Amino acid sequence: MKKSKMEAVSHLPENEIVLDRSQYEVLLQAKNAWENISHYRERRRRNRDYTFGKQWGDTITLPNGRAVSEEQYLREQGKVPLKNNMIRQLVKNVVGQFRNMQTEPVCISRDRKEQQLGELMSLAVQYAYQHNKLSELDGRTMEEFLISGSCFHKIGYGWRRNKMDVWIDEVNPNRVFFNAMEDSRLWDCTLVGELHDVPASDVVARFAKGDRKRAAKLRELYASATREELNLNFETLTSRPLDNLDFLIPESDNMCRIIEVWRLESKERLKCHDTYNGEYYKEELSQLAEIEKENERRKSEAAALGIPEGQVRIIETEWFVDRMWYYRFFTPFGDILDEGETPYWHGEHPYIFKLYPMIDGEIHSFVEDVIDQQRYINRLITMLDFIMGASAKGVLLFPEDQMPDGMTIEEVADEWTRYNGVILFKPRPGGVLPQQISVNATNVGAYDLLSLQMRLLEDISGVHGAIQGMAAKSGTSGTLYAQQIQYSSINLLDIFESFKTFREERDTKIMKTIQQYYDDNRYQNIAGSISGKEPGALSPHKVRNVEFDLTITEALSSPSYRALSNELLLELFRSGAITLEMLLENGTFPFADKLLQSLSRTKDDLNGTVVS
């Protein structure tokens with residue numbers, strides 16, 4: 001009779017699609033949320049273009065009212081739009097600094113007696129890191145974080161790449177929508193979702209639920225999902241395309257649009273306390289009659305045994321409003337492909353995202369701060385090129401009255417530029433002789449302004465020459481250079497710490513998903529390096545009942561950590577506190593495994609000799 005408090009509730013029949021279009025308000029709310037952050041997508045696209053070299057694409061309005069791009073305007077003026085992409089180097093440097101800090105998740109049990117389970121969970125999360133290639137994914141996500149000030153991941157469990165496991169996906173920000181928030185921790189999120197464009201075969205595989213009739217119905221639903229049909233049915237709801245992506249129309253005609261919506265909703269439920277076993281759980285209001293029936297049965301059995309009614313342990317109930325995350329998968333026509341309460345034990349949606357810095361509900365990225373300096377650098381470079389091209393460089397002034405007899409001006413110009421050329425002419429009295437003019441008209445302060453903007457670019461970004469690995473000026477001491485590197489790192493500390501918070505929240509959700517779905521065989525396979533474990537010590541039941549704190553710490557593979565741990569182990573070995581096998585098993589020596597195998601063979605040979 002009782003349900004688990006985290007059990008998913010689905011309202012769809014297993015073997016048919018209910019063409020329920022009564023939940024348009026949810027779809028419209030998601031559509032409004034997607035349209036309301038169009039300015040965010042536009043700003044992100046501009047930051048992305050500046051990062052990767054498309055830096056003359058801003059639109060300007062001419063005095064005659066015509067709107068053109070800056071590049072087109074410069075070309076119409078006879079100029080070449082030059083650029084010197086400094087932003088890309090800054091982003092690469094910060095991403096390199098992040099990837100140089102090798103870190104890994106560590107799970108710590110709050111009950112120190114269960115720390116062995118904490119080591120097990122650490123290994124399980126690190127395994128998820130490995131098979132999801134999170135070191136590479138985090139590098140690209142950090143790049144996205146610098147460009148747009150946001151990053152999005154999605155965590156799920158399912159069959160992929162020929163195995164059932166926990167999977168982490170990077171979500172394109174152009175496909176995400178969410179409600180307006182003000183809390184920098186994003187704890188006031190009540191709506192989040194994603195636009196999916198998938199082939200029809202994927203729709204059938206995901207939502208057919210093993211029924212051929214249901215699969216046929218799904219194909220029928222998307223058979224009419226053409227661009228004309230969608231425009232016909234949703235003409236009043238469509239918005240202008242933003243970066244070639246529409247809320248209802250997929251990018252390609254052969255793809256099927258699925259709109260995934262997660263919303264925090266309220267529902268009346270019963271909070272139950274079974275005083276017989278002390279269990280707390282939730283139940284639907286419709287189960288109240290069953291609970292009362294169970295209580296009457298207990299009272300009847302107790303009365304037959306002579307137990308007073310006041311001593312009977314019954315199920316106590318209390319009405320309350322439950323807040324839970326509810327998911328829906330919509331077609332563009334409003335049909336619900338699937339819906340239900342969150343199936344995850346953590347009780348939330350599967351998304352993890354970070355918006356930086358979320359001051360008054362606004363986000364501003366690292367790249368956005370230096371765009372103005374990049375624009376001015378490009379303008380100065382283009383200006384210098386135009387000035388140098390328009391200035392006089394070796395122009396010959398040849399008076400017409402001094403033209404030699406029998407020569408044309410072309411012949412004079414050819415002879416003038418020829419090596420050891422000779423022009424024979426009779427100068428007329430009082431006439432002006434030919435002269436060559438070369439003017440240096442570039443010293444107009446542009447070089448000083450360009451140098452100033454380069455310095456401002458470093459000051460505003462916080463990425464100075466020291467942290468970029470540039471050579472120090474002559475006479476700079478090593479201590480001063482080290483301090484410059486440290487100060488530059490402090491300028492980037494806020495960005496790194498914010499991204500670390502994102503990773504900790506994501507890894508915590510990975511850990512809880514592992515606790516929900518992993519069985520004892522999976523734990524045994526992963527935890528083979530944990531020694532001294534007793535049978536049943538690594539059972540899923542024990543792992544699920546332990547509360548862990550997850551933190552991001554320096555990885556064991558980092559050079560500094562490896563050197564310190566090896567030195568400590570060597571000191572313990574020299575003092576006789578540990579054996580050679582313990583040294584090799586716990587150390588990070590490149591020859592440890594081979595030497596352990598040699599020691600094992602030697603022991604086997606000696607044991608065989610003694611027995612014989």
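Me: Leaving aside its neighbours within four places in sequence, which residues is threonine 275 in contact with?
Reply: A word on the source: this is a predicted model, where local features need pLDDT of at least 70, side-chain atom pairs count only at pLDDT 80 or more, and totals for chains, interfaces and linings use all residues. Residues are numbered from 1 along each chain as its sequence is written, and side-chain values use heavy atoms, without hydrogens or water. With contact meaning heavy atoms within 4.5 Å, the partners of threonine 275 are Arg313, Ile314 and Glu316.

Me: Where is threonine 275 found?
Reply: Threonine 275 is 41 residues from glutamate 316 in sequence, yet 7.3 Å from it in space, C-alpha to C-alpha. Helices (H or I, at least four residues) and strands (E, at least two) are DSSP runs numbered from the N terminus. Threonine 275 belongs to the loop between strand E8 (256-274) and strand E9 (279-284).

Me: What is the relative accessible area of threonine 275?
Reply: Under 20% counts as buried, over 50% as exposed and in between as partly exposed (1.4 Å probe, protein chains only). Threonine 275 is partly exposed, because its value is 24%.

Me: At what angle do H6 and H15 pack?
Reply: Axes are lines fitted to C-alpha atoms, for helices over the stretch in contact, and angles run from 0 to 180 degrees between N-to-C directions. Here H6 (residues 134-148) and H15 (residues 493-517) have axes 11 Å apart. Among the residues that meet are Phe145 in H6 and Phe499 in H15. The packing angle is about 135°.

Me: Which word describes how H6 and H15 lie to each other?
Reply: Under 35 degrees is roughly parallel, over 145 roughly antiparallel, 65 to 115 roughly perpendicular, and the rest oblique. With an angle of about 135°, H6 and H15 are therefore oblique.

Me: Why is the pair of phenylalanine 152 and phenylalanine 178 given its type?
Reply: Phenylalanine 152 is in strand E4 and phenylalanine 178 in strand E6, so the pair ties together parts 26 residues apart in sequence. Both are buried. Their ring centres are 6.1 Å apart and their planes are at 25°, so the pair is stacked.

How values were computed:
Rings of Phe, Tyr and Trp (its six-membered ring) pair if their centres lie within 6.5 Å; planes under 30 degrees apart count as stacked, over 60 as edge-to-face and the rest as tilted.
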